[in-house]
Amino acid sequence: MNIVLFGGPGSGKGTQSEKLIEKYGLHHISTGEVLRDHIKRETELGKIAKKYIDEGQLIPDDLMIQILDDVIEKEAKDKPGVIFDGFPRTIPQAEALNQLLKKRNKELHAVVGLEVPDDELVKRMINRGKLTGRADDNEETIKKRLNVYHSQTSPLREHYKKQGKYLAIDGSRDIDQIFDSIIKELDNHQK
Ligand code: AMP
């Protein structure tokens with residue numbers, strides 16, 4: 001079972017990923033975490049990524065797709081199922097994900113879309129910034145990230161709806177209620 005966890009910044013992708021991993025034993029790939037790890041280790045890639053992340057912009061598709069291909073090859077190619085958290089974020093990335101899975105004889109099962117209003121996303125990110133010190137969770141960068149989400153990422157909803165893969169989840173409720181809906185939707189989708 002290969003799943004994409006989809007939603008705006010602060011929509012709860014990381015939190016719900018943890019719960020899904022626990023329940024289904026899936027392997028987790030968060031592209032945001034991969035990039036933050038490079039920044040922490042001060043790699044060449046980390047230096048490039050930091051410029052985009054600090055500006056609230058997306059890492060260019062070619063580079064991001066290459067990074068994902070490498071991560072899948074290194075840690076996920078033999079795994080029975082993967083949660084993609086934060087990827088794809090553009091239509092070209094969605095097309096690339098298809099190819100990356102296909103060349104390994106795998107396919108995308110479903111896209112879980114956590115739907116949360118913008119004002120709630122802002123509140124959550126401000127709060128996370130205070131709790132974790134995450135550098136891009138500041139008011140100015142949050143605004144940019146939301147703009148990027150609406151212009152570049154949200155068209156993926158329609159893209160995956162057309163493919164019958166999009167499962168809409170009301171992500172504004174509490175963590176366990178959201179998780180229950182995800183499980184139900186995934187169960188129904190499988191039948
Ligand atoms: P996230 O932790 O998923 O919120 O990602 C944090 C930041 O990393 C984003 O604001 C982007 O700058 C960058 N990033 C993460 N995933 C991607 C992706 N799939 N494509 C481009 N940039 C990404």
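**Exercise 1: Packing of H2 and H4**

Determine how the axes of helix H2 (residues 31-40) and helix H4 (residues 61-76) are arranged in this predicted model, and characterise the residues in contact.

Solution. Step 1: the two axes come within 11 Å and cross at roughly 95°. Step 2: angles of 65 to 115 degrees count as roughly perpendicular, and H2 and H4 are therefore roughly perpendicular to each other. Step 3: from H2, the residues Thr31, Val34 and Leu35 meet Met64, Ile67, Leu68 and Val71 of H4. Step 4: this contact comprises six nonpolar residues, one polar residue and no charged residue.

**Exercise 2: Packing of H5 and H8**

Carry out the corresponding analysis for helix H5 (residues 91-102) and helix H8 (residues 155-162).

Solution. Step 1: the axes come within 9 Å, with a crossing angle of roughly 40°. Step 2: H5 and H8 are therefore oblique to each other. Step 3: Ile91, Ala94 and Leu97 in H5 meet Pro155, Leu156, His159 and Tyr160 in H8. Step 4: by class, the contact residues are six nonpolar, one polar and no charged.

**Exercise 3: The ligand site**

Identify the residues closest to the ligand and state how much of the ligand's area the protein buries.

Solution. Step 1: the ligand is surrounded by 15 residues, of which Thr31, Arg36, Gln57, Arg89 and Gln93 are the closest. Step 2: a backbone N or O atom of Gly86 lies 2.9 Å from a ligand nitrogen atom. Step 3: a side-chain N or O atom of Arg89 is 2.9 Å from a nitrogen atom of the ligand. For Gln93, a side-chain N or O atom is 2.9 Å from a nitrogen atom of the ligand. Step 4: the ligand taken alone exposes 480 Å², and the protein buries 96% of that.

Methods: Residues are numbered from 1 along each chain as its sequence is written. This is a predicted model: local features need pLDDT of at least 70, side-chain atom pairs count only at pLDDT 80 or more; totals for chains, interfaces and linings use all residues. Side-chain values use heavy atoms; hydrogens and water are left out. Axes are lines fitted to C-alpha atoms, for helices over the stretch in contact, and angles run from 0 to 180 degrees between N-to-C directions. Helices (H or I, at least four residues) and strands (E, at least two) are DSSP runs, numbered from the N terminus. Angles under 35 degrees count as roughly parallel, over 145 as roughly antiparallel, 65 to 115 as roughly perpendicular and the rest as oblique. Contact means heavy atoms within 4.5 Å. Ala, Val, Leu, Ile, Met, Phe, Trp, Tyr, Cys and Pro count as nonpolar, Asp, Glu, Lys and Arg as charged, and the others, Gly among them, as polar. A residue is near a molecule or strand if one of its heavy atoms lies within 4 Å of it. A polar contact is a pair of N or O atoms within 3.5 Å; within protein, one must be able to donate a hydrogen and the other to accept it, and residues adjacent in sequence count only if both atoms are side-chain atoms. Accessible areas come from the Shrake-Rupley method with a 1.4 Å probe; for residues, only the protein chains shown count as cover.
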